[in-house]
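Here is a short report on one structure. Keep the sequence and the model in view while reading.

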Amino acid sequence: MTDSVAAPAGVVGAAGVVGAVAAARESRESGKSREPREPILQVRNLVKHFPLTQGVLFKRQIGAVKAVDGVSFDLYQGETLGIVGESGCGKSTVAKLLMTLETATAGEVFYKGEDITRLSGRALKAVRRNIQMVFQDPYTSLNPRMTVGDIIGEPFDIHPEVAPKGDRRRRVQELLDVVGLNPEYINRYPHQFSGGQRQRIGIARGLALNPEIIICDEPVSALDVSVQAQVVNLMEKLQDEFDLSYVFIAHDLSIVRHISDRVGVMYLGRFVEIGTDEQIYDHPTHPYTQALLSAVPVPDPEARDGRERIILAGDVPSPANPPSGCRFRTRCWKAQARCAEEVPLLAVPTRFAASASPAAHESACHFAEEKDVVHA
Ligand SMILES: Nc1ncnc2c1ncn2[C@@H]1O[C@H](COP(=O)(O)OP(=O)(O)OP(=O)(O)O)[C@@H](O)[C@H]1O
Ligand code: SF4
Ligand SMILES: [Mg+2]
């Protein structure tokens with residue numbers, strides 16, 4: 001089955017998502033400006049350590065996987081904060097902590113000023129209604145034995161106040177329409193839909209309770225490139241329509257730039273750089289961000305030939321035993337003795353602090369400096 005349902009404006013063909021996203025970026029940047037307002041989420045020193053245990057009968061802790069190890073950021077109302085980083089750097093764990101699906105080892109997540117890591121019972125249920133998630137895999141995240149109507153309407157079982165029993169069918173059909181699916185599909189099963197359509201169903205389920213924040217963990221990674229841009233465009237349309245705030249996690253830097261107002265770069269459980277999309281993509285100051293950007297495919301052959309590709313040596317170290325000082329130092333071509341001794345703080349580097357330069361944004365590097373990186 002193809003993704004032939006009513007597609008939102010700006011939908012692109014199968015020319016490849018990088019080109020599609022680049023074209024769409026221009027119209028988004030010229031026509032659309034979501035000015036950040038008040039922070040709706042404030043994350044402070046968030047930590048999640050998974051214990052490593054040994055023994056069968058008498059389990060004893062022999063260490064911990066430091067999946068998230070001191071993450072702080074704000075999410076502003078109506079904005080999209082993109083999070084990028086290599087596999088295993090802790091992106092999904094951050095997502096689960098924001099959703100309170102995992103218990104934080106330490107730190108706080110303030111939602112409208114209230115620390116949700118300390119909530120339980122009714123208060124937690126009320127907050128959870130406002131923070132929803134869209135998952136990566138539209139194939140496994142939908143129960144194959146449930147109809148689309150039951151899947152999208154399931155959140156109403158927990159929050160019947162949002163859609164009383166007699167009103168549920170109408171509300172589900174409304175949601176199907178909102179995400180560009182035919183409301184008459186309400187009795188179909190997930191296997192009767194394409195990947196892109198299934199992700200639309202996942203988005204409709206995420207919208208069911210009228211949330212303010214949606215945490216999107218790799219929402220388009222499992223989709224064909226031709227469908228990725230359709231889903232991203234749909235998400236942007238919905239954001240404008242419902243004034244949503246997104247945390248958008250993805251591997252694809254082009255997609256993240258397209259949808260994000262600001263971007264945070266993660267490495268081994270920490271943010272190493274955070275700024276506006278322009279600051280991060282056009283004026284990166286952290287060597288890790290520069291290396292990631294240098295690996296982005298460039299469609300223009302001339303630009304591709306002339307660019308410097310930064311190849312990172314070695315694998316990402318184990319989060320159970322991260323390097324001392326700067327965690328990136330074992331792969332960083334600029335590392336010096338100080339990098340092993342002193343943890344670089346995520347802050348605007350002193351040398352840029354007083355300037356109006358786009359390089360004046362937070363970067364966790366002792367020797368932060370701009371580097372021209374050619375990327376798409
Ligand atoms: N429940 C768990 N128990 C133990 N370790 C875990 C658990 N969940 C995640 N981890 C570990 O925490 C680290 C971060 O995992 P996480 O899934 O957050 O990474 P990620 O950035 O989302 O990776 P990917 O891009 O592959 O999805 C990894 O080393 C992972 O093995
Ligand atoms: S602090 Fe040192 S090791 Fe870390 S990124 Fe900067 S130069 Fe590289
Ligand atoms: Mg993940």
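Predicted model: local features only at pLDDT ≥ 70, side-chain atom pairs only at ≥ 80, totals over all residues.

Residues are numbered from 1 along each chain as its sequence is written, while chains are lettered from A and ligands numbered from 1 in the order in which they are written.

**The core**

The largest nonpolar core has 86 residues. A nonpolar core is a set of buried Ala, Val, Leu, Ile, Met, Phe, Trp, Tyr and Cys residues joined through C-beta atoms within 7 Å. A residue is buried if 20 or more other C-beta atoms lie within 10 Å of its own, exposed if 12 or fewer, and partly exposed in between; C-beta atoms are placed from the backbone. Leu 98, Ala 204, Ile 215, Val 247 and Val 265 touch the most other members. Helix 8 (residues 225-242) gives the largest share of this core, seven residues. Helices (H or I, at least four residues) and strands (E, at least two) are DSSP runs, numbered from the N terminus. Domain 1 (17-54 + 63-260) and domain 2 (286-363) both contribute residues, so the core lies between them. The domain bounds come from an automatic or database domain assignment.

Val 265 has contacts that include Val 84, Gly 85, Phe 271 and Leu 292, leaving aside residues up to four places away in sequence. Contact here means C-beta atoms, placed from the backbone, within 7 Å.

**A hairpin**

Met 266 has Phe 271 of strand 10 as its bridge partner. The hairpin has two residues between the strands, and Leu 268 takes a positive phi near 45° there.

Strand 10 also runs antiparallel to strand 11 (residues 362-363), joined by two bridges. Glu 273 stands opposite Ser 363 in strand 11. Six of the seven residues of strand 10 are buried, so the rest of the structure largely encloses this strand.

| Residue | C-beta neighbours inside 10 Å | Class |
|---|---|---|
| Pro 51 | 12 neighbours | exposed |
| Glu 218 | 19 neighbours | partly exposed |
| Leu 268 | 25 neighbours | buried |

Pro 51 lies in strand 1 (residues 39-54). Pro 51 and Gln 61 are 10 residues apart in sequence and 6.3 Å apart in space, C-alpha to C-alpha. Glu 218 sits in the loop between strand 7 (213-217) and helix 8. Glu 218 is not a glycine, yet its phi is positive, about 50°.

**The ligands**

Which residues are around ligand 1? Among them are Phe 50, Gly 85, Lys 91 and Pro 319. A residue belongs to such a shell if its C-beta atom, placed from the backbone, lies within 6 Å of the molecule. Helix 2 gives the largest share, three residues. The shell has five nonpolar, six polar and one charged residues. Ala, Val, Leu, Ile, Met, Phe, Trp, Tyr, Cys and Pro count as nonpolar, Asp, Glu, Lys and Arg as charged, and the others, Gly among them, as polar.

Around ligand 2, the residues include Cys 326, Cys 332, Cys 339 and Cys 365. This shell divides into nine nonpolar, one polar and two charged residues.

Definitions and conventions. Contact = placed C-beta atoms within 7 Å. Pairing = 2+ DSSP bridges.
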